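Trainee: I have a model open and want to learn how to read it. Where do we begin?

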Amino acid sequence: MGSSGVQIGETLLHLLKSRQEAGFDQLFAMYYGPLCFFANHLIQNEPDSEDIVQGVFIKFWEKDHDFTDLQAVRSYLYVSVRNACFNYLESRQVRSKHHEQMGKAAVEDTTVLQTLIHAEVLRQVMHEVDKLPEKCREVIRLTFIEGFTAKEIAERLSVTVSTVNNQKMRGINLLKDRLSGEQLTLLLLAFPDLFHLLK
């Protein structure tokens, strides 16, 4: 992590320790998407994954913590989500069925760690999306995060469908130049519809 990244981490940690909502909002924005990705890999249920992650954030905010660095905060969030996912599976008595369908490797530590790494790469991808020009960023987020069609986005932004498609392609081409091979691979795993656009 560069000096700017360290400074951002220290600022965020200070906001969290002083119980400022701005810190919570920033933390939520950084980790909500990757944690949902992580949870959904474990329980294979997207709506419940989102509920689990939101619940972890609520519990995090309700308790006082004395974290020494942002890495400790991140570890706490991932471990809490993992434990909540395992509790979810056990409470619905589907863990054995889940093992049959997904194999025991789906909940073994090595696979959990691998998924955590993927989630972190996804967070890095979303960081690059946030740095796109405003119109590109808006179209990319509405398309691949919110799931809107080009026509719906055009109506929402009061532009033509052609403009939406042009901004989408511009954003994708910029991401191709900025992302590493690993990040591009994960982007395709998360959003398969991008495959024909990234070729």
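**Reading helices and rings**

Mentor: Start with a bend. Helix α2 (residues 21–43) bends by about 40 degrees at Tyr 31, and Pro 34 is a proline that follows within four residues. A bend is the angle between axes fitted to the seven residues ending at a residue and the seven starting there. Helices are DSSP runs of H or I, at least four residues, numbered from the N terminus. This is a predicted model: local features need pLDDT of at least 70, side-chain atom pairs count only at pLDDT 80 or more, and totals for chains, interfaces and linings use all residues. Residues are numbered from 1 along each chain as its sequence is written, and side-chain values use heavy atoms, with hydrogens and water left out.

Trainee: How many aromatic pairs does a search of the whole structure find?

Mentor: A pair of aromatic rings is described by the distance of the centres and the angle of the planes. Rings of Phe, Tyr and Trp (its six-membered ring) pair if their centres lie within 6.5 Å; planes under 30 degrees apart are stacked, over 60 edge-to-face, the rest tilted. The search finds 7. In one of them, Phe 38 and Tyr 78 have ring centres 5.2 Å apart and planes at 80 degrees, so the pair is edge-to-face. Phe 38 lies in α2 and Tyr 78 in helix α4 (residues 70–91), 40 residues apart.

Trainee: Is Phe 38 buried or exposed?

Mentor: Buried means under 20% relative accessible area, exposed over 50%, partly exposed in between (1.4 Å probe, protein chains only). Phe 38 has 1%, so Phe 38 is buried. Tyr 78, at 3%, is buried too.

Note on methods:
Helices (H or I, at least four residues) and strands (E, at least two) are DSSP runs, numbered from the N terminus.
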